[in-house]
Amino acid sequence: MCLRKRSGYRPPDLINAKIYTGPIPAERGGELAMGGGCSETSALSGAGEARGLTTTQNSQRPNACCFCWCCCCSCSWNEEERRKRRRRKRISQDTKMETKLETCPKPLVEEIQMWSQSFDKLMRNPAGRNVFREFLRTEYSEENMLFWLACEDLKQEINKSAIEEKARSIYEDYISILSPKEVSLDARVREVINKKMQDPTPHTFEDAQLQIYTLMHRDSYPRFLSSNIYRTLVQGGSRTSSES
């Protein structure tokens, strides 16, 4: 621009140029109507109108995400929440029942010492089972003892409807893979249980009970004998007997 002003240069097409104010030819008018050759102002105006139209259409069109959330996700989420609440309530109720230990007198010193002789003597003694259960709780494996006790309770049942109800409860609490208290069983035992559950009996979980009993005997029992829980109990009993 500065060079043109200094030299006085003017483009040839601008010399003696006149502004045309006549009518627009039909071909040119059609071209402009179709959008060809439009000015920058009209282009911006058209873009603004397009944006306005798009905004209007978007405001009138329902949001697909919101529609999906309200009609699908929300329903499934609510159902999932209801299931979680029922499950938490059930676990809470079970926990309240499970924290209650077996009613039994305080063990004698001789009984406490006999628990170290064999696992069978420990499990046959109600006080021994309570102490061993407290130890299992520290190892987060209390469900093994709870399952064993539930199986023992089922063996005492003679009412057909009560047997079916207790068997179903044991299955849901300790056998089902969805349960937080599922016990560790191999595939063979699980298959046997699934077949027996078609017609439950007091001995439906006999194989599983034996497997869990063996697991506690081989895995948890040795650690129990060397635990602070048992050692403190033995020392306390010995001190009491010596004082008397």
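The legends below describe close-up views of a predicted model. Local features need pLDDT of at least 70 and side-chain atom pairs count only at pLDDT 80 or more, while totals for chains, interfaces and linings use all residues. Residues are numbered from 1 along each chain as its sequence is written, and side-chain values use heavy atoms, with hydrogens and water left out.

**View 1. Helix 8 spans residues 142–155.**
Helices are DSSP runs of H or I with at least four residues, numbered from the N terminus. Because 10 of its 14 residues are buried, helix 8 is largely enclosed by the rest of the structure. Buried means under 20% relative accessible area (1.4 Å probe, protein chains only). Among the buried residues of helix 8 are Glu142, Asn144 and Trp148.

**View 2. Helix 8 packs against helix 9.**
The two axes come within 10 Å and cross at roughly 170°; axes are lines fitted to C-alpha atoms over the stretch in contact, and angles run from 0 to 180 degrees between N-to-C directions. Helix 8 and helix 9 are therefore roughly antiparallel, a term for angles over 145 degrees. Contact (heavy atoms within 4.5 Å) is made by residues including Glu143, Phe147 and Asp153 of helix 8 and Ile163, Lys166 and Tyr174 of helix 9. By class, this contact has 10 nonpolar, no polar and three charged residues. Ala, Val, Leu, Ile, Met, Phe, Trp, Tyr, Cys and Pro count as nonpolar, Asp, Glu, Lys and Arg as charged, and the others, Gly among them, as polar.

**View 3. The largest nonpolar core has 34 residues.**
Such a core is a set of buried Ala, Val, Leu, Ile, Met, Phe, Trp, Tyr and Cys residues joined through side-chain atoms within 4.5 Å. Phe132, Phe147 and Phe205 have the most contacts inside this core. Helix 8 supplies the largest share, seven residues. Beyond four places in sequence, Phe132 touches residues including Phe119, Met145, Met216 and Phe224.

**View 4. Phe224 lies in helix 11.**
Phe224 counts as buried, at 0% relative accessibility. Leaving aside residues up to four places away in sequence, Phe224 touches Leu122, Val131, Phe132, Phe135 and Tyr230. The C-alpha atoms of Phe224 and Arg133 are separated by 9.9 Å, although these residues are 91 apart along the chain.

**View 5. Arg190 lies in helix 10 (residues 187–196).**
Arg190 is buried, with a relative accessible area of 17%.

Terms used. Helix = DSSP H or I, 4+ residues; strand = E, 2+ residues; numbered from the N terminus. Buried < 20%, exposed > 50% of the residue type's maximum accessible area, 1.4 Å probe, protein only. Expected span 1.5 Å × (residues − 1). Parallel < 35°, antiparallel > 145°, perpendicular 65-115°, else oblique.
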